[in-house]
Amino acid sequence: MPEGDRGYRVGVDIGGTFTDIVVLDEKSGDLSLYKTPSTPRDFWFGVEAGIRKVSDSMDRVSMIVHGTTVGLNAFLMRRGEKAGLITTRGFRDIYDIGRHNRESMYDLRYRKPEPLVPREHRLEVTERLDARGNVVTPLDEDEVRACVRKFKAEGVRSIAVCLIHSYANAAHEDRIGEILAEEYPEATVSLSHDVAREWREYERTSTVAINAYIRPIVDRYLSNMETQLERQGYMHRLFICQSSGGVSSVEVTKLSPVSTLMSGPAGGAVGTAQVSGLEKIPRAIGFDMGGTSTDVCVSIDGNVLIRTEYKIERHPLLVPMVDVQSIGAGGGSIAWVDSVGALNVGPQSAGAEPGPVCYDKGGTEVTTTDANLVLGRLNPDYFLGGEMAVRPDLSAKRLDEKVAGPLKLDRTAAAAGILRVVNTKMAYAVRAVTVERGLSPREFALVAFGGAGPMHACDVAAELEIPTVLVPVAPGQFSALGMLYSDIRHDFAWTFLTKTREVDRATLDERFDSLAKRAGEVLEQEDVPREKRRFVRSADMRYVGQEWSVNVPFGEEAGDTDWQANLESRFHELHKRNYGHSAPEEPTEIVNLRLTAVGLVVNPRLRELARGGAGPEAQALKGTRKVYFPSLGWNERTPIYERERLLAGNKLAGPAVVEEPGSTTVVPPGWTATVSAYGNMLIRKNG
Amino acid sequence: MARGRDLVTTEVVSNYLVAVADEMKRTVVRTAMSPVIYEVLDFSTGVFDRRGRLVAQTAGLAIFLGTLDWAVQAVLKKFGDDLHPGDVILTNDPYEGGGTHLNDVSVVAPVFDAGRLRGFVASRAHWMDIGGQVPLSVMTNATEIHQEGLLLPVVKAYERGRPNRQLIDTLTANIRQPETWKGDFGAQLAACHVGRRRLAELLARYGPEVVEDCIDATLDATERLTRERLEAMPDGRYRGVDFLDSDTVTGSPVRVEVAIEKSGADVTLDFTGSAPATKSSYNLTYCGLVSGCRVLLRAITDPHGPTNDGCFRPLTVKAPPGTVVNATKPSPVAMYGEVARRAIDAAWRALSEVIPQGLPAGHFGTICGQCMAGWDDRLAPSRYTSFSAPNGGGWGATPDRDGESALVCVSNGDTRNTPVEIIEARNPLMVTRYELRTDSGGPGKYRGGLGTTLEFLVETGGQYAATFAAGRAERAAFGLHGGRDGVTNRVTVTRDGKTIAGLGRSTAFLLEKGDLVTVESGGGGGWGDPRERDPRAIAEDVRLGYVSPEAAAGDYEWGTGP
């Protein structure tokens, strides 16, 4: 646990192409940013070099937080471990049958997601529990031993166990775990109730199967990383970013790597909550526009919305993650004219290889980035801070050929059309994310980051009537920065179905206490001092008969005789907010109990900027350029500013462009950007 | 082209309209009270222009694709100028009002700009109950529509924003579980409200003329795309026949016949030759028939593209009134979906020879659902519970691979099963197995997909009954090009060691404690001669247990050859 003021905090975010390294001096608040290719050798070199630039020894590094995509990649590339599954007799095909839905309903050749464990490695044992957890048929232990023999013979070394109703009673799964440990100590074992103690057997099976599938690979990777860091003199614990936006120690992560799968967008989401809190913005939408996709999340009062279930390539996961919606549109999205003459953008992307036409790496498809370049919004001489050469002439040529020509438009209209299509598409998606949660986008600020976010944010905001855009410091490395603000976090859930009015408080407290005991052990293991521990109870509730539940904070007030009424009234209120209506006279039920254990990490503060006047210093103005704005047409002398040279209090009236190595911010006419004390830019619509 | 419309605006407006339909869908899912809506997604939402043409639609069920615009047009036909801001109209009339069966109720709201009618938003959802002779209003054996529930003949539920209390009180009095119904109806109203507001915002922003031009351009573009795909298919006249399992009244199979005339970029489906309407709930009205044809047309032209009126302009559907596929009042229609699937299958079979990459062989082709309801006497006092869900089955093999197993039928889409753990927590049932059904896939060079076996042990001694809707119990999914048929759907109850078979169409069959209910969905048809199947694939099937060694020996001559 970092004390908060002595050393350096390091955030390491590995992306597909680049790794971002952020080093924050806890004492001065100085921030150093590095980008390095994501190849393993360069990566280590980069981390070390990054740290060496600010400190001569690793012993001044107080905390390293690492966001890893190793587990995700093993899953996406289907390069996981040969995994096996033990399940209740009669149910080995649950994983194959799934929920039997056809997501593409007119597609007569629709295929379901392929199970990660083939049928031959899904073995059944005789045992059965009922929905209350009572034993209907005892576990046949000899059959478990037979499974071991079969797995050994087949070379299956990572084993998932998922029994019917194990969320209600874990005894049979635990016993199978013991037998496996005795008979097959070389194997790693994942028990479903450990990974997700929630009902719905297919979803739980899928969750524990993915865990088993990626676990040995993540384990090796993290062990290797620990060794490397140790060798370099790092003396503290390594923390790993979780999908929930929290961090966990390596030891805990190794048991449940499935909870790191979606950690990619989590850093940015935590950063969104942190920066909006800092700037006193109660409601924020995180808008992270990268090369192939745009991730949207919502933060209210400094808390990122979390979801407790999601899917990855249609494989369900019962693991909490920051509630991020991914839209298939980004800088690399391809613009194309279909056979009937309509202009489309995406969902196909040119990715990093070959990338947009302007990269001159063989790309022939016009992308959003090419359109931005043709319209003067991007500076061809300042890609990655000038480290990458680009060819606007190639963009223009392909744009004429692929879009302008077929549509009989001039080049400018074609490029502007591409941006308009992509901006409105993103705006509709942002709206869907908010209205689905009963929120109105107009009450939010848009926090824009990622390479392309600040370039598109004002146009997207205008479409949604969002009056404020916030471009944080280091928008290009914002995920790595966000990780430094993550608390240690562990989530526990327990499906417990009961009518709210039919359960006594002691029964619930007993269950919460048992979750808290487990959580306390984990925090203990991570050396979190008692005064830094927080346990947050909540319950998933719904009206009797409804399917979708609402997560309701569970009161701590022990001895409150009115606790049921209070809980229900909080539920009605949240239901109304989320769904637009409530029915206070209807009976409610509790579905899941949830406990979030938090180990508070002291938030580092960024150094404040020197104060300047309303007008930026002359040296901040890099020059002028011809830039196209839909409302103005070509604006010949658009001022171009260097972000690093702006001071607190500077105001920039649109049209203007602000450049920095990792990103470009476009301030359209009618908007004004103000630099805050912390260096964030608040761009507001005039009037 | 009018001033203001350009290619980019067209794309922006058409994306917006799809987003409106989508937001309406999200509203319904978020606010509905019944699992059949939020879980089974038995509903759809759509946006329409002022002439009632479908502009954008979302649907959870494929079969809902082609019916909502009929409901909107029925509203136009009946009310014409008598439509006002704040009006909300209900219809479930299968004969005149764009309905399918009585449970599916369309809620239609006109949208105005500057006092002029400019479009409609609508949603259709399966109401859990609409009155009639049995709970849930699902039955197989009605003899006239009146037994099936309330028919709403295109009536206003709201007039100029004010609720029509007479109608709402009448519905409340006739519908079982009116509280749940109010929640679901509320969800539909909320969706209309959201849709109306969003569409009005769009009209205000771009002006009605520009929006209408954009809509025209979008529909025309979709039409061109559909026609392009149709033109790529060989012209000709193709015949297809399929049969419903024997009629409960006469005992003979019910013929569904189609002649498809594909000429250039147009296609006509003529169902002349189909049997007269049955005297049971197995009938389809014209609107449902067209809907079924539209599902197939989407599947063979552009299954992943947006759906609007333009998709359907090349399609003509003919059927003599009074037939099982164009039933007239008062023919009952509760099981319309089963007839629609036979109509789709007849056309599917007809086209299987001529579609460029080939349609898959036939699939298990039925909802294969169970509705189980009654009293759980394990609780004190005993409690009424109900559970209804469809089952997935085997799909047909294609010219390049085996068919998929355990998927819902063609008329359904994103419809999910109920997890075993939830079934048992809520119902006096224990699921003893839920697995793929060995040997159910039709043999072929490529094998049909497998159905499932779902088995329940009844644990209550209270009054408890089940209605089953499993068609294709007599005629299995068809194989193609030498591939053999799959195995039929089957529902049985085992009581005191004796098996009661043939329950696939029973209404409110009384169950007893200790009964074992086995619902087996059928397998898909095979593709190509089984003797051409790769021996390694046969060995793999046997090893994995998809095919038993005995069946492999019989169907594929496996292990018996030289």
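Into which domains is chain B divided? This is a predicted model, and the points below start from that question.

1. Chain B has domain 1 at 7–223 and domain 2 at 360–562. Taken over C-alpha atoms, the centres of domain 1 of chain B and domain 2 of chain B are separated by 34 Å. Each side brings residues to the contact: 15 from domain 1 of chain B and 15 from domain 2 of chain B. On the side of domain 1 of chain B that touches domain 2 of chain B, there are 11 nonpolar, 3 polar and 1 charged residues.

2. Chain A is assigned domain 1 (8–74 + 219–260), domain 2 (80–215), domain 3 (266–487) and domain 4 (488–599). For domain 2 of chain A and domain 3 of chain A, the C-alpha centres are 39 Å apart. Here the contact takes 8 residues from domain 2 of chain A and 8 residues from domain 3 of chain A. The domain 2 side of that contact in chain A holds 3 nonpolar, 2 polar and 3 charged residues.

3. Now to the two chains together. In the contact between them, 58 residues of chain B meet 54 residues of chain A. Elements of chain B that each supply at least two residues to its side include α5 (178–206), α6 (208–231), α7 (286–301) and β14 (429–436).

4. Which element gives the most to the side of chain B that touches chain A? That is α1(B), with 12 residues. By class, this side of chain B has 27 nonpolar, 14 polar and 17 charged residues.

Conventions: Residues numbered from 1 in each chain as written. Chains lettered and ligands numbered in written order. Predicted model: local features only at pLDDT ≥ 70, side-chain atom pairs only at ≥ 80, totals over all residues. Domains from an automatic or database assignment. Contact = placed C-beta atoms within 7 Å. Nonpolar A, V, L, I, M, F, W, Y, C, P; charged D, E, K, R; others polar. Helix = DSSP H or I, 4+ residues; strand = E, 2+ residues; numbered from the N terminus.
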